[in-house]
Amino acid sequence: MRQLDFMGKRRIAFAVSVLLTVIAIGALAFKGLNLGLDFTGGTLVEVRYEQAPELDELRGKLEAQGFEDAQVQTFGTASDILVRLQKTFDNDVGQQVVDILNSDANQVNLVRAEFVGAQVGDQLRDQSGMGMLLALAVVMVYVAFRFQYKFALGALISLGHDVVIILGIFALFGLDFDLTVLAAILAVIGYSLNDTIIVYDRIRENIRKSQIDDMPKIFNEAINQTLARTMATSGTTLLVLLALFFLGGDMIHNFSIALILGVVAGTFSSVYVAAALLLVVKLERQDLIPTQKEGDEEEELP
Amino acid sequence: MLNRYPLWKYLLILIVLIVGVIYALPNLYPADPAVQISSTASGSALDQERLDRLTQALRDEGIDIKSSELNGNSALIRLEEAGQQIPARDIIDQRLGDDYTVALNLADATPDWLAALSATPMKLGLDLQGGIHFLLQVDMQAAIQQRLEANASAVRDTLREERIRYRDTTINDRTITFQFANEQERNAAREVISGQFPDFEYSTPDIQSGAALAMTFTEQAVQDLQDYAVNQNLTTIRNRVNELGVSEPLVQRQGPDRIVVELPGVQDTAAAKRIVGSTANLEFRLEARPDTPEREIETFHFRNNENRTADLMRDVIVTGDHVSSASRSFDQNNRPQVNISLDGTGGSMMNRATRSNIGRNMAVVFIEHKTRTYTVMEDGKQVEKRDTYTKRGIISLATIQSALSNRFRITGLDSSAEAADLALLLRSGSLAAPIYFAQERTIGPSLGAQNINQGIMSVVVGLLLVVLFMLARYKAFGIVANVALGLNLVLLVAAMSMLGATLTLPGIAGIVLTLGMAVDANVLIFERIREEIRAKMPVQQAIHAGFERAFTSIVDANITTLLVAVILFSIGTGPVKGFAVTLSLGILTSMFTAIMVSRALINLTIGGRPLKKIWI
């Protein structure tokens with residue numbers, strides 16, 4: 001089988017990674033995440049018209065009734081309208097909005113109304129940040145325990161890289177970051193780590209097996225050996241995610257975007273960031289010798 | 001011999017799969033939209049004749065009925081279409097009147113033999129079914145305030161009984177302060193009170209004239225009050241939700257001071273909020289006499305006439321908490337009234353107070369603890385502020401004609417709907433602490449149906465794509481992987497049904513994602529087998545080595561994903577929890593199917609045979 005020289009190109013890949021990360025951090029710092037209702041608190045009303053309405057007209061109507069800060073936008077189709085209000089919740093705001101909009105022949109139906117108190121939003125935001133950090137910490141401890149701390153460092157940085165890039169793209173394009181996107185990011189942490197561990201497993205195995213000390217060569221071999229698997233798994237995962245993206249509906253649109261980005265970034269980073277970082281931290285054969293032997297392969301009883 | 005499983009392993013796998021299929025099956029029988037009728041009053045039982053008349057009436061109105069069944073005191077009418085539930089309920093409600101509760105319901109359509117194995121379908125989350133989600137915050141500050149007021153009233157009673165004269169009472173934060181004319185009275189009061197009210201710490205602050213006694217709630221008492229208030233509110237809200245007649249409602253404590261309420265299928269947010277969140281209660285008080293001292297008097301407005309006021313005694317005879325049952329009815333002039341029965345203690349308190357006060361007026365006071373939320377700018381940031389206030393208004397003021405006991409009625413209500421609400425609230429008990437809505441979600445039924453259809457569509461398409469991919473890539477072994485994948489889906493659905501997990505839209509996404517990732521284990525194994533074959537290993541050994549060597553990678557990779565899913569479960573709420581649940585269950589079932597089941601399939605078909613070549 002043809003061997004691709006992954007490690008030889010690691011400097012180019014590294015540059016790409018750094019560039020993407022810098023852009024992502026820049027977008028996060030200057031544009032910021034467009035946090036969804038779950039985290040900011042506020043009110044959201046989705047209504048469905050029979051025919052597509054004029055957005056400006058709707059804004060005017062809402063403004064005339066005292067909803068000055070209302071953001072009106074379409075959601076999915078042109079007759080599906082999303083109204084966001086910063087204002088603190090007032091009883092039955094959903095019905096109020098429907099009543100205001102429901103003036104003429106164009107019938108309006110309430111699809112959903114959501115209200116989140118600012119306090120709940122704040123709390124959830126803190127909790128989510130903590131959750132993400134905790135997830136990273138836990139996997140790092142696990143990898144350090146199963147492999148070695150240099151591996152843990154590589155895995156952690158590679159996961160951080162994936163998360164930052166997804167967040168950055170969400171910030172850059174102003175995509176709504178809500179609780180389902182957070183769930184997607186945590187799933188990406190799981191997925192990307194999965195990928196990384198498969199590569200690490202092979203690296204460990206090859207280091208133990210081989211006699212040479214040429215780390216880049218060993219890594220290249222390991223990555224090439226797992227390449228078919230990496231491609232097959234990210235392929236099937238991407239296939240189902242595309243199905244979800246196109247067919248799953250508007251409510252999990254951003255969720256599927258985050259996962260698609262995550263699978264792409266995760267596949268890239270498990271090869272280039274996670275493995276290449278082992279070279280940076282100077283992984284040596286000695287690092288793996290003291291670890292206990294893997295369980296002897298027992299024959300199955302017939 | 002290589003690649004042969006002992007018989008018990010095949011049997012074990014077979015048993016797991018059979019159990020999985022049985023418990024996944026109920027999901028193929030979606031629940032029927034139904035209307036449930038149950039009689040609330042004794043004596044007004046349902047019979048077949050009555051039920052037949054009702055179903056006939058429904059048919060006349062063009063509502064399609066699937067079936068109807070009578071079950072002792074209740075009846076269930078299954079409908080063909082969910083959209084006709086509400087009109088059907090309204091028709092039945094009109095014909096039956098107050099002695100019956102008519103509720104929307106989703107009736108299980110699981111065949112009997114499955115139900116006998118207690119196999120039930122997955123519950124659908126609100127985002128798939130439509131309905132209302134509330135997150136209620138219990139207002140502890142207001143609860144403490146209320147408790148202090150009640151205690152202050154009790155202390156005043158005690159002081160009066162002991163003939164200790166006090167001047168003034170003030171309540172501030174967690175402290176009640178009494179003022180006395182001099183220190184002797186203060187010390188006497190302290191001696192009496194401190195024995196009877198152990199939840200307080202006592203101190204004697206200095207004041208300009210006279211002497212003061214301050215009693216402050218202890219930390220422990222505040223803690224107990226919080227637990228009590230939240231639990232009491234849970235019970236009350238549960239009662240109210242049951243009275244609303246919602247099928248499978250959820251009322252649950254979340255964190256130290258929050259309560260989650262989920263009402264599937266309910267669309268009328270305003271009505272639901274009015275009932276769930278109402279803090280309405282009643283108080284019965286005597287009207288003040290002309291010679292009553294000023295400090296024992298409180299003045300209230302009438303509810304239906306702001307300009308009219310009455311002077312009432314500060315002390316309350318009985319509150320609505322002592323109501324054991326309440327129902328709405330109409331008097332001879334067809335005005336709404338509420339019939340009330342008090343419990344034993346309430347009845348004797350009422351009797352004692354009215355017996356000695358015949359000819360005096362007694363007022364029924366309607367109390368509502370309300371919360372006003374407003375936003376202010378503070379240091380350039382929007383900050384939410386909350387005010388709690390209590391609204392009291394007199395419903396009726398009537399002369400006591402004779403000693404009242406535990407049964408009487410109150411009139412003076414504005415409308416029959418108000419009478420019905422008040423009766424419901426009194427029946428279900430009052431809230432121990434005021435609550436306000438911290439979060440609210442209403443999902444229309446059309447959105448729910450749309451989410452289900454889109455969700456199922458993406459599962460089907462996703463599954464199909466993966467199946468084709470695996471076939472194209474691994475040929476014969478692809479079939480094995482695909483069978484394992486299909487069984488994985490069955491097991492996942494079975495596990496979710498058995499655990500009573502709720503299926504949400506992100507949960508469906510989790511299933512789709514699991515399908516994509518589940519083949520990973522098979523991919524790892526098959527790639528390893530290919531590799532070994534390329535290294536000229538004999539076929540059977542290559543298969544064996546492929547399974548063995550891939551095993552640690554699979555376990556390592558899955559455990560870490562599982563850890564992340566557990567974290568997600570702990571921080572997520574509602575739909576996101578559903579995602580975490582499907583993700584973790586999917587990992588477990590996929591490990592079983594990809595490792596055990598696909599190996600069994602391979603062992604069964606080609607295991608141990610002298611093959612030269614395999615189609616992989």
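Trainee: What is the mean pLDDT of chain B?
Mentor: This is a predicted model, where local features need pLDDT of at least 70, side-chain atom pairs count only at pLDDT 80 or more, and totals for chains, interfaces and linings use all residues. Residues are numbered from 1 along each chain as its sequence is written, while chains are lettered from A and ligands numbered from 1 in the order in which they are written. pLDDT is the predictor's confidence in each residue, from 0 to 100. In chain B, 95% of the residues reach 70 or more, and the mean is 83.

Trainee: Which element of chain B has the lowest confidence?
Mentor: Elements here are DSSP runs numbered from the N terminus: helices are H or I with at least four residues, strands E with at least two. At the top end sits helix 1 (residues 7-24) of chain B, with a mean of 91. The lowest mean, 74, belongs to strand 4 (residues 100-107) of chain B.

Trainee: And in chain A, which residues have pLDDT under 50?
Mentor: Chain A has a mean pLDDT of 83, with 91% of its residues at 70 or more. Where pLDDT is low, the predicted coordinates should not be read in detail. The stretch under 50, with six contacts beyond four places in sequence (a contact being C-beta atoms, placed from the backbone, within 7 Å), is residues 291-302 of chain A.

Trainee: Which element gives the largest share of the side of chain A that touches chain B?
Mentor: The interface has 63 residues of chain A in contact with 64 residues of chain B. Elements giving two or more residues on the chain A side include strand 5 (108-116), helix 5 (118-146) and helix 8 (215-247) of chain A. By class, that side has 35 nonpolar, 20 polar and eight charged residues (Ala, Val, Leu, Ile, Met, Phe, Trp, Tyr, Cys and Pro count as nonpolar, Asp, Glu, Lys and Arg as charged, and the others, Gly among them, as polar). The largest share, 14 residues, comes from helix 8 of chain A.

Trainee: Which strand of chain B is joined to strand 5 of chain A?
Mentor: Strands count as paired if DSSP finds at least two bridges between them. Here there are five bridges, and the two strands run antiparallel. Val116(A) stands opposite Gln439(B). The partner is strand 22 (residues 435-443) of chain B.

Trainee: How many bridges join strand 17 to strand 18 of chain B?
Mentor: These strands belong to a three-strand open sheet with the order 17-18-21 and antiparallel pairing. Phe330(B) stands opposite Pro336(B) in strand 18 of chain B. Strand 17 and strand 18 (residues 336-342) of chain B are joined by bridges numbering seven.

Trainee: How far apart are the centres of the two domains of chain A?
Mentor: An automatic or database domain assignment sets the bounds. It gives domain 1 (7-35 + 120-288) and domain 2 (42-116) of chain A. Taken over C-alpha atoms, their centres are separated by 39 Å.

Trainee: How far apart are the end C-alpha atoms of residues 507-529 of chain B?
Mentor: UniProt, in an unreviewed entry, lists these residues among the spans called "transmembrane region" in chain B; its positions are in the numbering used here, feature names are shortened, and annotations may be inferred rather than shown by experiment. The span is 100% helix and 0% strand. Its end C-alpha atoms are apart by 34 Å.

Definitions and conventions
Two residues are in contact if their C-beta atoms, placed from the backbone, lie within 7 Å.
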